[in-house]
Amino acid sequence: MYKQASIPRNELLAWINDILCTNYIKLEDASNGAVACQIIDLIHPGTVPMKNLNFSASTPYECQKNYRILRKAFEKLSIPIDFDINILSKQGSKEGYEFLATLKSYYDANYKSGSYDPVARRSESKGAIKVTRADTYTPHTPRGTHAAPLFDSPTRIISARTTASPRKPYPPITPQHRATVPRDHMSPWRDGGGGGGGGSVPSLPSPELVKQNEAESLRQQCSWLQSQCHDLQEQLQELHKLHDYREMLLAEERVFYYNKLRNIEDLLQGIQVNRHLTDVENSILQILYSREGMEFLLKAIEENREESEGEQRVESMNSDDRVSDEIM
């Protein structure tokens, strides 16, 4: 077993952001299982199916999927680190820190330097762009296009100092290329009035080139919006599944406890046929038949009944009016 490294929380978070090129601002955000999986993939390249990970996982249900993938990787590599999936999937502050600090200790003991691109490795993972550091992000260029690059330098999309957003960062408007005039040609009388070195002033870009750059920028924004819409639809489907699953569990739990109460009632009623019930048995029956605490439910039922009766009266009056109109 590996003991957790003695490292402050802020240094542990900085270490994660450094080796994985991420932009986490809280250690809890990095405790959803995806980061731990990529740390193992960094130490043992190619051992984790990165496309199955979800870096935007925030619910226990989503985090458990990541931790199950991590458990399989541990078993495959015979890593002697034990963890509880249910506890870690809740993204607790203390448990998440202890587990990631233990992985730091394992990293220090087993990592061998080599070429590894963390951004490229998680490019197929869900929610990868949300956690990727801005200076390592490169806008996607559609296949088959050979347009000139629209970004002369890496453009910051997410600031590491801002709060992490659950949505993808909005791509910036592409700056247009402007012709720059050399300092030697900025003034005809500079350096003795000779223009300083000769040559002609570069011409401004043509309107067609400006329109092409603007169109390319709009295409990139449209592609980004479509991918964001697709991700949000997938998250909505996951939430619907989770809601249906919880509703099913609640329904089964209600039936389970209702059957228990019915069995207790039948047992006491059977005893009551043969003899008088004791004080304890009578108290149990009183609890079963008590309506204390149901006032809100009874009131809701009464309001629903009155509303239904009112709708029926209105419908009956409308029907009588229609009959009268037909007679007239």
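Phe 296 counts as exposed, because its relative accessibility is 61%, where exposed means over 50% relative accessible area, buried under 20% and partly exposed in between, with a 1.4 Å probe and protein chains only. The residue is found in helix H10, which covers residues 295-327; helices here are DSSP runs of H or I with at least four residues, strands are runs of E with at least two, and both are numbered from the N terminus. Together with Met 294, Leu 297, Leu 298 and Ile 301, Phe 296 makes a nonpolar surface patch of about 460 Å². Such patches are made of residues with over 30% relative accessible area and no salt bridge, with like charges joined within 9 Å and nonpolar side chains (Val, Leu, Ile, Met, Phe, Trp, Tyr) within 5 Å. A salt bridge, in turn, is a side-chain nitrogen of Lys or Arg within 4 Å of a carboxyl oxygen of Asp or Glu.

The model is predicted, so that local features need a pLDDT of at least 70 and side-chain atom pairs count only at pLDDT 80 or more, while totals for chains, interfaces and linings use all residues. Residues are numbered from 1 along each chain as its sequence is written, and side-chain values use heavy atoms, with hydrogens and water left out.

## The chain as a whole

The chain holds 10 helices and 0 strands, and its elements run α-α-α-α-α-α-α-α-α-α from the N terminus on. Of its 328 residues, 30% count as buried. The accessible surface comes to about 22,400 Å², of which 54% belongs to carbon and sulfur atoms; accessible areas come from the Shrake-Rupley method with a 1.4 Å probe, and for residues only the protein chains shown count as cover. Among the contacts with a separation of 6 or more, 64% are accounted for by residues 24 or more positions apart, contact being defined as heavy atoms within 4.5 Å.

## Aromatic pairs

A search of the whole structure finds 7 aromatic pairs, a pair being two rings of Phe, Tyr or Trp (its six-membered ring) whose centres lie within 6.5 Å, with planes under 30 degrees apart counted as stacked, over 60 as edge-to-face and the rest as tilted. Two of the pairs, both with Phe 83, are set out below.

| Pair | Centre to centre | Angle between planes | Class |
|---|---|---|---|
| Tyr 67 and Phe 83 | 6.1 Å | 50° | tilted |
| Phe 74 and Phe 83 | 5.5 Å | 90° | edge-to-face |

Tyr 67 counts as buried because its relative accessibility is 2%, and Phe 83 counts as buried because its value is 7%. Phe 74 is buried, as is Phe 83. Tyr 67, Phe 74, Phe 83 and Phe 99 form one aromatic cluster.

## Polar contacts

Gln 64 has its place in helix H3, residues 60-77, and counts as buried because its relative accessibility is 17%. Its side chain is joined to that of Asn 86 by a polar contact of 3.4 Å, a term that stands for a pair of N or O atoms within 3.5 Å, where within protein one must be able to donate a hydrogen and the other to accept it, and where residues adjacent in sequence count only if both atoms are side-chain atoms. When neighbours within four places in sequence are left aside, Gln 64 is in contact with Ile 85, Asn 86 and Ser 89.

Thr 132 is found in the loop between helix H7 (128-131) and helix H8 (207-274), and is buried, with a relative accessible area of 6%. The side chain of Thr 132 makes a polar contact of 3.5 Å with the side chain of Arg 122, and a polar atom of the Thr 132 side chain lies 2.7 Å from the backbone oxygen of Ala 128.

## Positive phi values

Most residues other than glycine have a negative phi. Cys 21, in the loop between H1 and helix H2 (34-43), has a positive phi near 55° and is buried, with a relative accessible area of 15%. Ser 78, in the loop between H3 and H4, also has a positive phi near 55°, but is exposed, with a relative accessible area of 61%.
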